[in-house]
Amino acid sequence: TTILWWIRRDLRLHDHPALEYALQKGRVIPVFILDDRLLQKEASKRKQFLFSGLRQLDEDLRKRGSQLIIRRGEPLAELTRLIQETGAEEIVALEDYSPYARRRDSHIARELPLHLFAGETVYPPSLVLKPDGSPYTVFTPFSRAWKALPFASPSVVSLPERFPAVPDKLVSLPIPEAIFLQDFPPGELEALRRLENFLSGPAREYADGRNRLDQPGTSFLSPYFRFGMLSPRWAVFQVRKMIQITSSPDEKRGYEAWLNELIWREFYISILYHYPHVLAMAFNPALRAIEWRDAPSELQAWKEGKTGYPVVDAAMRQLKATGWMHNRARMIVASFLTKDLLINWQEGEQWFMQNLVDGDPAANNGGWQWTAGVGTDAAPYFRIFNPVLQSAKFDPQGRYIKTWVPELTSVPTEFIHAPWTMPLSLQISLGVRIGRDYPTPMVDHQEVRGRVLEAYRTSQGKT
Ligand code: FAD
């Protein structure tokens with residue numbers, strides 16, 4: 001039998017239940033469909049990463065005697081055509097839990113023999129439920145239930161060295177050209193290498209190191225998870241192994257903290273699965289009527305990293321330049337937009353989606369709603385990140401700031417988090433005049449607290 005392996009956000013060969021099933025059953029034809037409706041929405045860096053990932057996957061397949069078949073168009077029509085051309089009896093794919101994908105897949109499954117397998121998460125969202133069958137909306141009980149489920153270790157079936165060849169006559173479009181992203185070389189080998197390096201290094205100190213903006217204390221794996229170049233089950237299996245073998249309580253804490261982040265990922269996927277309306281509105285109904293400010297020039301300054309708060313500006317410029325931003329920085333800039341500027345979190349959510357290599361509707365929406373304090377298990381809304389204190393705590397020498405905001409390179413450490421406090425004489429001698437060479441802070445953090453609390457309270461009063 002011939003089986004189409006329809007690849008979507010699972011660009012890998014390891015720990016892949018749909019692929020393993022297909023290889024056991026017969027001849028596998030790996031297919032990727034360029035769906036313009038989806039691609040239009042993809043940020044340019046994410047598209048670059050996807051395309052170069054496809055190229056890498058094609059290379060990996062060719063080493064095994066197979067290859068990727070690329071088509072462009074509406075998936076139902078393209079799959080129907082491929083079935084006619086190949087005589088395939090079945091289509092296999094990994095389940096994609098985002099609302100668009102679920103609609104598309106259920107539509108296709110009515111017309112064609114589409115067989116979906118779990119694998120985007122360790123546990124499908126329909127499995128991690130309260131005893132009464134309803135979904136969790138708070139992280140801690142979700143994670144407890146998640147951890148209590150039986151863990152099926154990833155399959156260690158070694159893949160055949162040769163895959164069946166795809167038929168000669170089958171036409172494939174070229175993979176679109178892509179710019180290579182220096183920070184994120186594509187492919188599963190790179191992802192597996194990163195995982196190994198991380199677990200044998202920074203993960204041991206992750207409990208504290210993960211918050212440091214100036215040090216590479218995290219795994220930098222988010223784009224690989226985003227496109228399934230790394231199996232989450234494989235990552236969980238590996239980190240659990242480390243938790244078991246380490247005798248150091250500190251290291252254990254580090255590994256546990258990282259496992260927890262992988263569970264946050266599944267928590268937000270689950271929230272989006274059960275409450276797809278979060279893409280359109282706040283999860284918390286009492287906070288849907290906040291009167292956000294319409295302030296296009298302030299929004300623009302935030303996007304460009306010209307707010308006058310160095311840590312916010314460094315982070316926004318890092319995003320623009322690399323398509324990635326540290327988690328602590330994401331929280332700081334999200335808090336600044338929503339609380340200090342009182343601009344709708346959806347504006348920030350959208351900007352992140354347009355720029356992140358790892359941009360993912362579930363994690364991004366979850367992160368924004370959490371920081372704005374309007375989401376499921378959100379930070380209480382009266383908790384407002386102080387950008388100066390955050391900066392001093394997590395970038396003590398200002399190295400992160402100086403990497404991304406070169407106009408502040410000469411500013412001494414004691415002033416780097418709040419350069420507007422530099423005496424004028426110092427500004428002159430350094431040649432860094434605030435208001436000329438670097439913006440004056442666009443708001444006074446101490447003064448905006450009242451405004452935001454009032455806006456949130458008013459919304460609560462309306463409901
Ligand atoms: P690590 O610290 O090494 O974490 C390992 C993995 O766990 C990550 O790769 C990611 O897959 C997952 N993870 C970690 N933290 C979270 C979290 N809070 N929520 C969900 N998953 C998490 N992450 C995305 O993958 N895509 C997004 O679009 C996204 N948008 C965000 C927006 C905001 C406002 C905030 C506050 C967070 C967002 N995050 C998003 C979560 C987090 O910032 C990134 O996953 C993390 O910074 C990626 O770096 P890393 O791979 O080195 O992470």
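Trainee: How many helices and strands does the protein chain have?
Mentor: This is a predicted model, and its protein chain has 21 helices and five strands. The radius of gyration is 24 Å, close to the 23 Å that the globule rule gives for 463 residues, so the chain is as compact as a globular protein of that length.

Trainee: And what does the C-alpha trace span along its principal axes?
Mentor: About 80 × 50 × 50 Å.

Trainee: What percentage of the residues is buried?
Mentor: Buried residues are 42% of the 463 in the protein chain. As for contacts with a separation of 6 or more, 74% of them join residues 24 or more positions apart.

Trainee: Which residues touch the most other members of the largest nonpolar core?
Mentor: That core has 112 residues, and Leu 4, Trp 5, Val 31, Leu 230, Ala 315 and Val 333 touch the most other members. Helix H11, residues 249-274, gives the largest share of this core, with ten residues.

Trainee: What does Leu 230 touch?
Mentor: Leaving out residues up to four places away in sequence, Leu 230 touches Glu 188, Ala 191, Leu 192, Leu 195, Leu 221, Tyr 224, Phe 225 and Ala 235.

Trainee: Back to H11. Is Leu 259 in that helix buried or exposed?
Mentor: Leu 259 has 20 C-beta neighbours inside 10 Å, so it counts as buried. Beyond four places in sequence, Leu 259 is in contact with Val 236 and Val 239.

Trainee: New topic: how is the protein chain divided into domains?
Mentor: There are domain 1 (2-120), domain 2 (188-274) and domain 3 (285-462). The C-alpha centres of domain 1 and domain 2 lie 26 Å apart. Their contact takes 15 residues from domain 1 and twelve residues from domain 2.

Trainee: Which helix gives the largest share on the domain 1 side?
Mentor: Helix H3 (residues 44-63), with three residues. By class, the side of domain 1 that touches domain 2 has six nonpolar, four polar and five charged residues.

Trainee: Where does the ligand sit relative to the domains?
Mentor: Domain 2 and domain 3 both give residues to the shell around the ligand, so it lies between them.

Trainee: Which residues come nearest to the ligand?
Mentor: Out of 29 residues around the ligand, Thr 218, Ser 219, Asn 327, Asn 364 and Gly 367 come nearest. Helix H16 (361-372) supplies the largest share of the shell, six residues. H9 (222-226), H11 and H14 (327-340) are among the helices that each supply at least two.

Trainee: What's the class make-up of that shell?
Mentor: Twelve nonpolar, ten polar and seven charged residues.

Trainee: How many C-beta neighbours inside 10 Å does Asp 15 have?
Mentor: Asp 15 has 21, so it counts as buried. Phe 220 is partly exposed, with 16 other C-beta atoms within 10 Å.

Methods. Residues numbered from 1 in each chain as written. Predicted model: local features only at pLDDT ≥ 70, side-chain atom pairs only at ≥ 80, totals over all residues. Helix = DSSP H or I, 4+ residues; strand = E, 2+ residues; numbered from the N terminus. Rg over C-alpha atoms; globule rule 2.2 N^0.38 Å. Buried ≥ 20, exposed ≤ 12 C-beta atoms within 10 Å, placed from the backbone. Contact = placed C-beta atoms within 7 Å. Core = buried A, V, L, I, M, F, W, Y, C linked by C-beta atoms within 7 Å. Near = placed C-beta within 6 Å. Nonpolar A, V, L, I, M, F, W, Y, C, P; charged D, E, K, R; others polar. Domains from an automatic or database assignment.
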